[in-house]
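I opened the model today and kept notes as I went. The entries follow in the order of my look-ups.

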Amino acid sequence: MSSKKSTQTTQEIAKQASGTLYQKIVHFLFGSWESTQLTFSFLLVILMAVFPFFTKSPYWLGIVVLSAVYAYIGISWNIVSGLTGQLLIAHIIFIALGGYTTIVLLNTYSVSPWIGLLVGGVVAALAGVVIAFITLRYGLKMDYFALFTIALLVALRTLFLKWDYVGGAVGMWVRLKNPSFIKMVFNDKAPYLYIALLLLVIGIIIQYLIYRSKTGKFFIAIREDEDAAAALGVNTPWYKTLSVVIGAAMAGIGGGFYMMYVTFIDPTGVFNLGMNVEIVMAGPIIGGLGSLLGPILGALVNKPIAELVRGYLSEGTSGISLIVYGSFLVTSIMFMPRGLAGLLHNLYQKLSKPVSER
Amino acid sequence: MTPEIFFQTIVNGLFTGGIYALVSIGLTMIYGVMVIVNFAHGEFLMLGIYTAFWAFTLFGMDPYLTAPLAMVLIGGLGALMQRGLVHRVLDAHPLNMIVLLVGVSTLMIGLAQFFFSAEPRSIHVSYETAVLSALGLRFSIPRLVAFVSSMFLAGSLYLFLQYTRVGKAIRAVSQSREAAQLMGINVNAMYMLTFAIGTGVTAVAGTLLAPNYRMIPTMGSAYSVIAFVIVVLGTMGNFVGAFVGGLIIGVVETFAGFYLGGDVKIIASMFIFILILLFKPSGLFGRKRT
């Protein structure tokens, strides 16, 4: 229901209560832009969930699984950069840490990935705490923060390349023998899809709850004007740290699952700025950074288009997906800085006028 | 480490640093005038080295002779990018600018991989392994030429900025956009020119690297990262700082390579970078903390 309920007049409430069931449902689903975004998010999730009933092609299922994972990871970045406006460019660090934690626990200590994912989230969150602490303690703002995260990415890549415990330059594999639920190894792609969608649903709900809460309002206040927010009594260091930690923890869990799905991780592949654009940035940017629907919509547009273009245009030529993601970023910043969700928002505002007059 | 190896390492470091200095000067000029960190900077170096490659492969042009060509072509591309893309996002949220430039960089790498292929390529010239021995030290001829040329270019750019009317106009814009505009300086033209010079000298650095270098489309990002380090070390926007910082990082990296091995030498620069960011973010030449 709309958050503005308390401000509505009793007349309106009475009118609502006396409305038909149909009107009530419409109001519940599309009563405000937030609930509309939530409705569309879940519609997209349902669309992905029924996908395996229409095709068994591993190629198409694979694209849908990756879209779902990218959407979930996009949400985690959206909370840090979209809602709070922090220039955490190399967000893929957290994905890498989550992925590495999960695979090390699985291969070296035979810990089930179901636990490994969560531990990966904790490790990534701790890294988030460290990064946020350093940033705040030394006042790295704007470009400096962005450069700091990129330097960290390069440093970690070099470190992991030399660190034999995590496989060094060779990387680490998931052993695919004896598929089982406990080991999160399946012959079919459908189970992967449902795990990814479970993560995505949790991500959508977390993002929505944050957005609706006081914390979310503080995040947005920090994005719009940090000094003004601080002057009005928002504890900006605490909320900035909180947003980084939430985003990092979510990305760590997502990274663990991503690694289980692609079954391979190596430092040059994962501590990689091109990959960062593909996994983290492209979805939320094209979908609309800072909106609830953006990351999901963006990921569903991004990954399939990139795959289609790659499939049709290039037989053995590389660079196509980079061209697609790069031009997505550029065109979206130039022509629709609020992304696809921004366009939908305009449409919603036009359509919602007559509805409120009913 | 014997004195001989010590001095040899310093010489090698300075040779590397000369190229770094040129790349960083381009980055720092753009930052100084427009307060933009050009995240696509290394890709201009990549385009420069491929200009040399194609001029050599198609027309048999010597890589060093392609330097002016790369300066004009790639610098022109930089100016177009400023006019068509960067300029329109100048007043938006800083995240938009970063995303735009990251997008441009991704796009450029992709296009280079598509058209030039992702396979490593190299140019073989007659003098690629020539060595000059003097004072008990060995100077690789291509790297010596690259060092001297980059010093020359950096020096003339400095004189240009200090003593010509246009150079003074650029410096005026970097001090205050509004005041410069009130004095009748065409600020937008200066922005374009700065981007052209900044990306142009970076492309020249690429051509100077060309002989005996295995080029790949993704090579730019390593130079971007190094240039970020240098520019922060030498104070963002400071021309002399970028020059000195480039030489320092070149020497530090070569020593790190000697002691730690070539593939982890970047750790040393990253370590310096993080220390600088944490303890003196205004850099070596900064007066106050930013």
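How many residues of chain B are in contact with how many residues of chain A? I counted 36 residues of chain B against 39 residues of chain A. Contact here needs C-beta atoms, placed from the backbone, within 7 Å.

**Ground rules.** I am working from a predicted model, where local features need pLDDT of at least 70, side-chain atom pairs count only at pLDDT 80 or more, and totals for chains, interfaces and linings use all residues. Residues are numbered from 1 along each chain as its sequence is written, and chains are lettered from A and ligands numbered from 1 in the order in which they are written.

I asked which helices of chain B supply at least two residues each to the side that touches chain A. They are H4 (94–116), H9 (219–233) and H11 (265–279). H4(B) gives the most, with 16 residues. I then sorted this side of chain B by class: 28 nonpolar, six polar and two charged residues. For the classes, Ala, Val, Leu, Ile, Met, Phe, Trp, Tyr, Cys and Pro are nonpolar, Asp, Glu, Lys and Arg are charged, and the others, Gly among them, are polar.

**Chain A overall.** I found 16 helices and two strands in chain A. Helices (H or I, at least four residues) and strands (E, at least two) are DSSP runs, numbered from the N terminus. The C-alpha trace of chain A spans about 70 × 55 × 40 Å along its principal axes. I checked the radius of gyration, taken over C-alpha atoms, against the globule rule of 2.2 Å times the number of residues to the power 0.38. Chain A has 21 Å, which agrees with the value near 21 Å for a compact globule of 358 residues. Of these 358 residues, 47% count as buried. Buried means 20 or more other C-beta atoms within 10 Å of the residue's own, exposed means 12 or fewer, and partly exposed is in between, with C-beta atoms placed from the backbone. Of the chain A contacts between residues at least 6 apart in sequence, 76% join residues at least 24 apart.

**H5 and H6 of chain A.** I looked at how H5 (residues 92–109) meets H6 (residues 113–137) in chain A. Their axes come within 8 Å and cross at roughly 140 degrees. H5(A) is therefore oblique to H6(A). Axes are lines fitted to C-alpha atoms, for helices over the stretch in contact, and angles run from 0 to 180 degrees between N-to-C directions. Under 35 degrees counts as roughly parallel, over 145 as roughly antiparallel, 65 to 115 as roughly perpendicular, and the rest as oblique. The crossing of H5(A) with H6(A) is right-handed. Right-handed means that the near helix is turned clockwise from the far one by less than a right angle, left-handed anticlockwise. I listed the contact residues, among them A:Phe94, A:Leu97 and A:Gly98 of H5(A), and A:Gly120, A:Gly121 and A:Ala124 of H6(A). This contact divides into 11 nonpolar, eight polar and no charged residues.

**A:Thr263.** Its phi is near 65 degrees, a positive value in a residue other than glycine. I placed A:Thr263 in the loop between H11 (236–262) and strand E2 (264–265) of chain A. A:Thr263 counts as partly exposed, with 13 C-beta neighbours inside 10 Å.

**Chain B overall.** I found 11 helices and two strands in chain B. In sequence order they run α-α-α-α-β-β-α-α-α-α-α-α-α. The C-alpha trace of chain B spans about 55 × 45 × 35 Å along its principal axes. Of the 290 residues of chain B, 53% count as buried.

**H9 and H10 of chain B.** H9(B) packs with H10 (residues 239–260) at about 125 degrees, axes 8 Å apart. The two are therefore oblique to each other. H9(B) passes H10(B) in a right-handed crossing. Contact residues include B:Ile226 and B:Val229 of H9(B), and B:Gly245 and B:Ile248 of H10(B).

**B:Thr235.** This residue lies in the loop between H9 and H10 of chain B. Is B:Thr235 buried or exposed? B:Thr235 is buried, with 26 other C-beta atoms within 10 Å. Its phi is near 70 degrees, positive in a residue other than glycine.

**B:Val252.** I found B:Val252 in H10 of chain B. B:Val252 is buried, with 20 other C-beta atoms within 10 Å. Leaving out residues up to four places away in sequence, B:Val252 touches B:Ala268, B:Ser269 and B:Ile272.

Conventions. Two residues are in contact if their C-beta atoms, placed from the backbone, lie within 7 Å.
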